[in-house]
Amino acid sequence: MNYQNEDHLDLRQKKTRRLLVEALAQLLTERPFQELSVVDICRRAMVHRTTFYAHFNDKQELLHYLLEGLERECVATCLPQDPDRSPREYLLTAAQNVFQFFAQHRTLYRACLNSGADTRVQTLEACAAGELCRLLSEPRFRAVSPQVDPEVAARFYTGAMLALIRWWLSSDPPLPASHLLANLEQFIPIQ
């Protein structure tokens, strides 16, 4: 189910969905997803079970909805909007923004990774790779590295970045983001 366009929902419906998402996010930091029930989520959100089912088929669908919202927020806040940056500055700024975003949501993402939400990670990877491929196909990037296939580079960097983020999120204690960024600079060959 895709929730990208929710303009048809009234304020009450939007508020109910927000309450359910917040309840699930809180509960995920306390217990594994598999141990949570719809009743647990409804109690935390102070929403009746029938109201829950008016919005979502099950708790898995609510989890996907929560992750879709985080994906949209990540894309909106992590991709630099400054078109005048050099390709290298653009990619490094995007990486820095991604680490800041995931650091702010670390507990929730760790809980989601442990929930079996791998299909959403694959969707995020495909979406991010598509956006990066589009960017790497722009003339300013092609001029710097004309021999690099944008699709191959996008898949490589996206897969590597998501694997690095998963590892970083599950490390205790995590390495400082500055350490990761200093190393990432070595892997971006374009100037």
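**View 1. Asp-40 and the residues around it.** Leaving out residues up to four places away in sequence, Asp-40 touches Leu-27, Arg-31 and Glu-35. One of these partners, Arg-31, also meets Asp-40 through a polar contact between the two side chains, at 2.7 Å. Please keep in mind as you look around that this is a predicted model. Asp-40 sits in helix H2, which covers residues 38-45. Is Asp-40 buried or exposed? Its relative accessibility is 19%, and buried means under 20%, so Asp-40 counts as buried.

**View 2. The whole chain, as a setting for the close-ups.** The protein chain has 10 helices and 0 strands, and reading along the sequence gives the pattern α-α-α-α-α-α-α-α-α-α. Its C-alpha trace spans about 55 × 40 × 25 Å along the principal axes. How much of the chain is buried? Of the 191 residues, 43% are buried. Among contacts with a separation of 6 or more, 67% are between residues 24 or more positions apart. The chain exposes about 10,800 Å², and carbon and sulfur atoms supply 55% of that area. For anyone thinking about charges, there are 21 positive and 23 negative side chains, with the centres of the two sets 5 Å apart.

**View 3. Helix H5 from end to end.** Helix H5 takes in residues 87-104.

View 4. Thr-93 has a relative accessible area of 16%, and because buried means under 20%, Thr-93 is buried. A polar atom of the Thr-93 side chain lies 2.8 Å from the backbone oxygen of Glu-89. Which residues does Thr-93 contact once its neighbours within four places in sequence are set aside? They are Pro-80 and Arg-85.

View 5. Back towards the helix of the opening view, Met-46 lies in the loop between H2 and helix H3, which covers 49-55. What is its backbone phi? Met-46 has a positive phi of about 60°, although this residue is not a glycine. Its relative accessibility is 75%, and exposed means over 50%, so Met-46 counts as exposed.

**View 6. The cis peptide bond at Pro-173.** This view is one for checking backbone torsions. Asp-172 and Pro-173 are joined by a cis peptide bond, with omega about -10°. Where does Pro-173 lie? Pro-173 is in the loop between helix H9 (150-170) and helix H10 (177-184).

**View 7. Phe-156 on helix H9.** The last stop is Phe-156, a residue of helix H9. Is Phe-156 buried or exposed? Phe-156 has 54% relative accessibility, which is over the 50% cut-off, so Phe-156 counts as exposed. Phe-156 is 85 residues from Glu-71 in sequence, and their C-alpha atoms are 20 Å apart in space.

Key:
Residues numbered from 1 in each chain as written. Predicted model: local features only at pLDDT ≥ 70, side-chain atom pairs only at ≥ 80, totals over all residues. Heavy atoms only, no water. Helix = DSSP H or I, 4+ residues; strand = E, 2+ residues; numbered from the N terminus. Buried < 20%, exposed > 50% of the residue type's maximum accessible area, 1.4 Å probe, protein only. Polar contact = N/O pair within 3.5 Å; in protein donor to acceptor, adjacent residues only side chain to side chain. Contact = heavy atoms within 4.5 Å. Areas by Shrake-Rupley, 256 points an atom, 1.4 Å probe, with all protein chains shown as cover. Lys, Arg positive; Asp, Glu negative; His and termini not counted. Charge placed at Lys NZ, Arg CZ, Asp CG, Glu CD. Expected span 1.5 Å × (residues − 1).
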